[in-house]
Amino acid sequence: LEERLDVELPAEYREAITVGQLPTQSRFLFYKRDELKTLDDIDPDWTEKSAPQAVRALIVAVDAHGDYLGYMLRADSMTQLDNALTHFHHETGAVTRSRFRLKLKEATDAEE
């Protein structure tokens, strides 16, 4: 996946997608690993006008209003994504740090 997308996934997201623990009960619908795209793939106009710094942002979820969640590249890297989820607001074009957090379930003795 990382090779196909030419990025290094944040550890928390990599773990969630590897063990199949992406949220299912949230306002955002998380993409399956073979559906992941960059913001530029979804809407090149957005990255050119509203968020040029997000041209290679990895989009991981969308909501019913067309807002996206994703990970932007770290400022000091061409391939490593930042650990913080970013919220891409479709109506305003604003790009903000998301309040949404991935919450992985703790393994129980029965699951181990």
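**Leu22 and its surroundings**

Author: Start with Leu22. Setting aside neighbours within four places in sequence, Leu22 is in contact with Tyr13, Ala16, Ile17, Phe30 and Tyr31. One caution before going on: this is a predicted model.

Reader: How far apart are Leu22 and Lys103, in sequence and in space?

Author: In sequence, 81 residues. In space, 8.4 Å, C-alpha to C-alpha.

**Helix H2**

Reader: Which residues of helix H2 are buried?

Author: In H2 (residues 11-18), they are Tyr13, Ala16 and Ile17.

Reader: What puts those residues on the same side of H2?

Author: The arc they cover around the axis. It is only 95°, so they lie on the same side of H2. The face turned away from that buried side carries the exposed residues Ala11 and Thr18.

Reader: What do the buried residues of H2 pack against?

Author: Strand E3 (58-62) and strand E4 (68-71). As for what comes after the helix, H2 is followed by Gly20, whose phi is positive, near 70°.

**Aromatic pairs**

Reader: How many aromatic pairs does a search of the whole structure find?

Author: It finds 3. One of them joins Phe28 and Phe100.

Reader: What makes the pair of Phe28 and Phe100 edge-to-face?

Author: Two values. The centres are 6.1 Å apart, and a pair needs them within 6.5 Å. The planes stand at 70°, and over 60 degrees counts as edge-to-face. Both Phe28 and Phe100 are buried.

Reader: And what makes the pair of Phe30 and Phe100 tilted?

Author: The angle. The planes of Phe30 and Phe100 are at 40°, so the pair is tilted. Stacked would need under 30 degrees, edge-to-face over 60. The ring centres of Phe30 and Phe100 are 5.6 Å apart. This pair links distant parts of the chain: Phe30 is in strand E1, Phe100 in the segment after E6, 70 residues apart.

Reader: How do you know that Phe30 is buried?

Author: Its relative accessible area is 9%. The cut-off is under 20%, so Phe30 counts as buried. Phe28, Phe30 and Phe100 form one aromatic cluster.

Reader: What makes you say that the charged end of Lys37 sits over the ring of Tyr31?

Author: The distance is part of it. The charged end of Lys37 is 5.5 Å from the ring centre of Tyr31. The limit is 6 Å, along with a limit of 35 degrees from the ring normal.

Reader: Why does Ser98 count as buried?

Author: Its relative accessibility is 4%. That is under 20%, so Ser98 is buried. Ser98 is found in the segment after E6. A polar atom of its side chain lies 2.9 Å from the backbone nitrogen of Phe100. Beyond four places in sequence, Ser98 is in contact with Leu69, Leu85, Thr86 and His87.

Reader: Is Thr38 buried or exposed?

Author: Buried, because its relative accessibility is 18%. Thr38 sits in strand E2 (residues 37-38). Leaving aside neighbours within four places in sequence, Thr38 is in contact with Val55, Arg56, Ala57 and Ile59.

Reader: What is the relative accessible area of Ala51?

Author: It is 0%, so Ala51 is buried. Ala51 lies in the loop between helix H4 (44-49) and E3. Not counting residues up to four places away, Ala51 touches Trp46 and Val95.

Reader: Why is Asp6 called partly exposed?

Author: Its relative accessibility is 44%. Buried is under 20%, exposed is over 50%, and partly exposed is in between. Asp6 therefore counts as partly exposed. Asp6 has a positive phi of about 60° although it is not a glycine. Most residues other than glycine have a negative phi.

Reader: Where does pLDDT stay under 50?

Author: Over residues 107-112, for which the model has 2 contacts beyond four places in sequence. Where pLDDT is low, the predicted coordinates should not be read in detail. For the chain, the mean pLDDT is 83, and 89% of residues reach 70 or more.

Definitions and conventions: Residues numbered from 1 in each chain as written. Predicted model: local features only at pLDDT ≥ 70, side-chain atom pairs only at ≥ 80, totals over all residues. Heavy atoms only, no water. Buried < 20%, exposed > 50% of the residue type's maximum accessible area, 1.4 Å probe, protein only. Helix = DSSP H or I, 4+ residues; strand = E, 2+ residues; numbered from the N terminus. Arc of directions from axis to C-beta. Contact = heavy atoms within 4.5 Å. pLDDT = per-residue confidence, 0-100. Phe/Tyr/Trp six-rings, centres within 6.5 Å; stacked < 30°, edge-to-face > 60°. Polar contact = N/O pair within 3.5 Å; in protein donor to acceptor, adjacent residues only side chain to side chain.
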